[in-house]
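I opened the model to look at how its chains meet. My notes follow the order in which I looked things up.

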Protein chains: 4
Amino acid sequence: MIVVMNPGAKKEQVDHVILRLTQLGFGIHLSEGESRTVIGAIGDRSKALSIGLEAMEGVEKVVPISKPFKLVSREFRKDDTVIELNGVRIGDEKVIVMAGPCAVESEEQVHQIAEAIKKAGADVLRGGAFKPRTSPYAFQGMEEEGLKLLAEAREKTGLLIVTEVVNPQCVPLVEKYADILQVGARNMQNFHLLRELGKTRKPVLLKRGLSATIEEWLMAAEYLMSGGNYNVILCERGIRTFETYTRNTLDLSAIPIVKELSHLPVIVDPSHGTGQRKLVSSMCKAAIAAGADGLMIEVHPDPERALCDGPQSLNPAQFMELMNGLRRVAVSVDRTL
Amino acid sequence: MIVVMNPGAKKEQVDHVILRLTQLGFGIHLSEGESRTVIGAIGDRSKALSIGLEAMEGVEKVVPISKPFKLVSREFRKDDTVIELNGVRIGDEKVIVMAGPCAVESEEQVHQIAEAIKKAGADVLRGGAFKPRTSPYAFQGMEEEGLKLLAEAREKTGLLIVTEVVNPQCVPLVEKYADILQVGARNMQNFHLLRELGKTRKPVLLKRGLSATIEEWLMAAEYLMSGGNYNVILCERGIRTFETYTRNTLDLSAIPIVKELSHLPVIVDPSHGTGQRKLVSSMCKAAIAAGADGLMIEVHPDPERALCDGPQSLNPAQFMELMNGLRRVAVSVDRTL
Amino acid sequence: MIVVMNPGAKKEQVDHVILRLTQLGFGIHLSEGESRTVIGAIGDRSKALSIGLEAMEGVEKVVPISKPFKLVSREFRKDDTVIELNGVRIGDEKVIVMAGPCAVESEEQVHQIAEAIKKAGADVLRGGAFKPRTSPYAFQGMEEEGLKLLAEAREKTGLLIVTEVVNPQCVPLVEKYADILQVGARNMQNFHLLRELGKTRKPVLLKRGLSATIEEWLMAAEYLMSGGNYNVILCERGIRTFETYTRNTLDLSAIPIVKELSHLPVIVDPSHGTGQRKLVSSMCKAAIAAGADGLMIEVHPDPERALCDGPQSLNPAQFMELMNGLRRVAVSVDRTL
Amino acid sequence: MIVVMNPGAKKEQVDHVILRLTQLGFGIHLSEGESRTVIGAIGDRSKALSIGLEAMEGVEKVVPISKPFKLVSREFRKDDTVIELNGVRIGDEKVIVMAGPCAVESEEQVHQIAEAIKKAGADVLRGGAFKPRTSPYAFQGMEEEGLKLLAEAREKTGLLIVTEVVNPQCVPLVEKYADILQVGARNMQNFHLLRELGKTRKPVLLKRGLSATIEEWLMAAEYLMSGGNYNVILCERGIRTFETYTRNTLDLSAIPIVKELSHLPVIVDPSHGTGQRKLVSSMCKAAIAAGADGLMIEVHPDPERALCDGPQSLNPAQFMELMNGLRRVAVSVDRTL
C-alpha cells in the first residue's frame, strides 16, 4: 500500500500516518520526492480497512498494491477450478451450455424447452421461478411451483437445473430443487444473500452487476468463498454504458481478465448482454473464441408469447442451428462443446 | 405506444401485430411512411408487458409514449408530497438536514455526534447499523445494538432517526427503532425488500442506484407506492461514470427532473456522491440552489478513526460552519434551513 | 417522425405543430391517446432539422422513426461494400490484417516490422507519422519523414500502407504517401477533416470515437460518403466506460450491429481496445468469430523501447504465433485469413 | 512514480527496470513486500514517457504520483488566474455571464439578442459562426459573415464576443473578430488546434470533452499554456453517461475540483449540459452556488425557429427573469453578478 501525501503536507502529518501504520504492524518505506512524500506500507492491506488513512490530514491518496481479493485469486490457487456436477465438468475443456426460458411459465413450456435443448446438446436447463422485474406490474414468477416444474424436467431429461435465488430466506427452498443457484446482476452486491450462499455447498452462478467493475465482481465471489463455498461460477452478462442500441454492452475482455486474475470458471450470457436475438449467435461465437467456459442462452418455444425477455430469446430451431455453428468455433480454440 | 416495423416488414406481420394488440384492447392507428409502417397503440401500456411485442417478426422497435410509473407521477398527484414526522415536514419550504456517521460504532460516538448535529440545526440523525460492504473482511455493522444506540440518541435529542435496512426479514426489526427506513443504492432494485417496505407505513428513503436511470429509480418508488406506502423520499447520491477523480458523479440535474416527473420529495447525499470531504460544502450549496428538499451529510467526531467512509466525513466543527453557509443559500432561493 | 405532446398540451399548441410540419411537406397522422396526443409526421426527417420541434410549446419529445443516415445504410445498398486495393479486398471473405507500430520511429524500426508482418501474413502496414498525444510533452511523430519511411517499406514488401491524418490541411500530404487514410478516435467528429476526406477517393479508415454511439459513428461515415467518397472502412476500437482495468471496453457487439445497419466493412483494433498485450490474442479471435472483416494490431520490434503504446504492442514472434491461431478461428466461421 | 512488479517477477526483471530508470536520472527506492516488489522512482515523470515501463517484462502496473500537468496546476501558480478583457474580469468576484444563440443566423437575430442580453446584464455575447454538426445535412454556420455580425453587435453594445474555432487554419480569421476563442467539446483533444491557439494571446475558452476526465481536460489546457497562452478559461458542459433523460450529465463537482487542482477560471454551460430549457435555471443557480466563475447560456429571440439547439434555448424574457434569480444566489456565496 502506498500513501501519497499532499505537496504541502507537514512533517507531523507524515509522522502521524507512519505512527498509525506502525501500530497496525505495517513495515514502512519512506520516500521523499521532488514535490511529494510517499509512504510505502508493507503488510496485510485488509488490516488498514479499520483506519481512515485517506481521511488523515495531509494525505492525498492511498494506492493499493495487492489485490483486495484472496481466495478467488490465481495466487491462492494456480490451477483452474473445475466444478463437477453429475458428470458435467464446468471449467474444463468442454464448453458448457445452459439454456432455457427467462421465466418458467407452465409445465408444457418447460418440458418442451427441456427436450429441445437436450436434443441440441445443452448441459443445463435455466429458467427463473422468482423474477426480479423493473415494474411492479409485470409478471413476477411462479415461485415454488416453477421450481417443481424445473425439477420434473431434470427427472425426464437428465439436464442439470440452474435458477435464480433473490432473497436470503429463499436459499433453502431453491437449494432443495436446483443444482446451481444463480445470483442475478441486480443482487451481485446483496451481501446478505451472498453470505447465505457462502454457507451452502451447491455451486453458485454469480452474474456481474450492471455497473460492477471486475474487481467488485471478484470481491462478491470472495464473499461466497470466504463463507466456505468454493464452487463459484462467474457470469459476464453485459455492463451499462452510454450506448443505447444494445440493452447492455457485453464486455468480452472480462473473460481473459478473469482467467488471469482468478482460478474460477467464467461463462457468458449474450442474451441479456445484448438484449437482441439477432446478436446472440455472433456473441456466442465470440465468447467461445475469447475463452469462455460456458454460455447461458435464452430459448423459448414461442418467444413472441414469452412473459419475459422474448426479444432476446431464440426458438428451438434457431438454438439447434446455433449449437452446430458453435461446435466448430470451440474446436478452433481447442475446446469441445 | 408506437410499434415501428422493419423497412421490409410484410403485410401479414403488420396484421399479426395489430391482431395481438386489438385482442388486448388497444385502439390502433396505422401509419404507412415512406420506408416504414408505424402502428400506434392506444391503451394501458402495462397490459402489453405480457406480450413480447419486440419479439414479433417484422418489429423493429417499440417506443413507449406514456411513462411506466403511475402513482409516483405528477399526473397522479399535482401537489408536492409533504411527509410530516413529529413536526418535521419533508418536502416543504424548509430544507431538511440529515447528518451523522456512516456507521454506528459506539454509544459515545453516537451521542457525541447527535448532540453536535442537533446544536448545528440538523433535523434527522443518520447512522448505519447494518453496513453493506464491498469486502467481506470489512466492518459489517453493530446490527440491533446499533439500532438501540440510535433510539437512545433520539430520546436525548429529539432528532428523528434514519437508518438502512438491507434485507426483507430485517424490516420489522429496523422499523421498531427507526423513524425513516433507508434503502441503499445497492438495494434500489432489491424488489423483495421494496415489496416488504411497501407494506409498512413508515417513510422510506430510497437512494438512487449507482447505475440507475431516473426512470428506473422512479419505478423502484412505484414498487413502494403500489404496495400502499405513499411516504417515499428520493435521494440522489451520485452515479457511476468514467470519471475516477470522484467516487461517483453527483447528478444534480436529477433534482429538477424528479420535481417535474414526480410529486415526491428529493434530497441529496453529497458525501457518497463525491466521496471527498472537501467537495461536500460546495455540493451541498449547489443541491439547495438546484431545489433539493434536504441533504444527507456524513459527520463523524473523528473522521480519521471512522470504521467506514472517513474520507468523506466532516467533523462537528466543519459541519457547524457548513450549516451557516447553507442557510444563506437556502434564503436566496426562498427556502429556509 | 413522432411528436409526443405533453399531457396538458392545449389544442392550439397541437395545431401549431401540425401547421409547421404541413408547411414543410410532412403528411400528418393525429392520434389522441388516453393521456397524450401523438402526431405522426410522414416525410423526410432531415427537413425537420431546420425547425425546433422540440422547442415548441406543448411538445414533450420527438421520436425519430427512420435512421438519420442514408448512404451508409443497408437500405441504400443491400450488398456488402468490398474495397479493392492492389488485390487486397476489404469486406470480402478474407479477414484482412493491418499491423505495425503505434508510431513510426526510424527507418530500421519500420523495415524490420514490415518484413516481419509480411512474413506472418499481414496485408497492410500501419504506423503513425502524426501522433495525437494527450500530453504536450510526449513524442508527437516524425511527420513527413515518417510517411516517407512507410512508403519505402511498401516498395520493399508490397504491403499496403495505412496512417493517420489529424488535420484537414494535411490530407494532400498524407494522401501522397498512404493507401488508406485513418481518422483517429479523437477526430471522429472533426467535421472539417471528414469533409476534406469526403473529397478524396482513397479509402478512409474511420475509428469509432471514445464515447460515440454506433449511430454517431455511422453519421460520421455519412459525412465521408455525402462528400462522394464511398470507400469507408469502420473500425471499432473500444469505448469509454466505468471499468478501469482495461484502457477501453472493446464493444464486439458493434460488429454484427454495423453489419445489419450498414453495408460498410468493419474491422477491430484490440490493441487500443484493451490497452494490454496479454488481452490482444483472445480479443482478435473473438472479433473474427463475431464477424469482423479485419483486424488492426500493434506490433513493435522492441515494445519496451516503443515511443508510444508499448504496453499493448506485440513483438514479431508473438504476432507470428497469433496469426497461426487466428487462421483456425477464421476457418471455423467460413472465412480465410 | 511507483512501478509495481508482478507477484512472480524475477530478480533480473526488477534489476532491468531499475537500470532503465537510473539511466534516465531517476532516484530509486526499492521495497519488497509480501507478494510484490515495488520500485519507487523519484524524478520528472515526463522523462519516463519515452520508455515503455508498462511494456517491460515483470511489470504489473505503473502508478503516477505527481500530476501530469504543470503550468495549469495550483503548484505552479498559487493565486487564481484573473483574465481581464476590456474591464471584464473573468475569475474574479463577479460571476461572468456569456449568453446568445447557438448559431449566428441573421443580422436581425444577432442584434436583437445582443440588445436583450446587454439589458439583462450579460457581459459576453456568444454565437457560433462555424457549427460542428452531427449530421452533414444540418445547417453548418454562416462562417465569416457570421463573425462580422458578431463584431457589429460588439460595436453597438460594448459586449465582448466569444465564438468557436473548429480548425487550425481558421484561427487567424476568428481571432480577427472575436475577443475569446472557444474550443468545442468535440475538439478538446484536437491537438493541432490547441497548438495553434497556444500561439495566440487571446483568451481561449476550453470546453470539456464529452468523455474527458478532469485530468485529460487539464492536459488539454496544458497544451495551450505550454504554447505560451496563459489566458485559458475552462468550461464544464456535461459528460456522457448512461442517463438518457438529459442530453449530457452536468458534472458540477468538476468546479471545486478544478479550483483545487488549478488556478484557471472555470465556467459552466447548463444549456448544453442538460439540453433542456426547463433545467437551465436550476443548474445555473447550482453552478454559482458550487463556485463557478461564470455561465454560458443559450438565448434565442425565437427558440422554436432556431436553426440549432432550440430546445435548450431561453427566450429574452426568460433570460431576464433568470438573471434576477441568479443575482441573489451569487450574493449568498459572496459573489456578485
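Predicted model: local features only at pLDDT ≥ 70, side-chain atom pairs only at ≥ 80, totals over all residues.

I found 35 residues of chain A in contact with 35 residues of chain C. Next I asked which helices of chain A supply at least two residues each to the side that touches chain C. They are helix 7 (254–261), helix 9 (277–289) and helix 10 (316–332). Helix 9 of chain A holds the largest share of that side, with eight residues. I then sorted the side of chain A that touches chain C by class: 18 nonpolar, 11 polar and six charged residues.

I turned to chains A and B and laid chain B on chain A.

Last, I went through the contact between B and A. Chain B puts in 42 residues and chain A 41 residues. Two elements of chain B give two or more residues to the side that touches chain A: helix 5 (191–199) and helix 6 (214–226). Which of chain B's helices gives the most to that side? I noted helix 6 of chain B, with five residues. By class, the side of chain B that touches chain A has 20 nonpolar, 14 polar and eight charged residues.

Methods: Residues numbered from 1 in each chain as written. Chains lettered and ligands numbered in written order. Contact = placed C-beta atoms within 7 Å. Helix = DSSP H or I, 4+ residues; strand = E, 2+ residues; numbered from the N terminus. Nonpolar A, V, L, I, M, F, W, Y, C, P; charged D, E, K, R; others polar.
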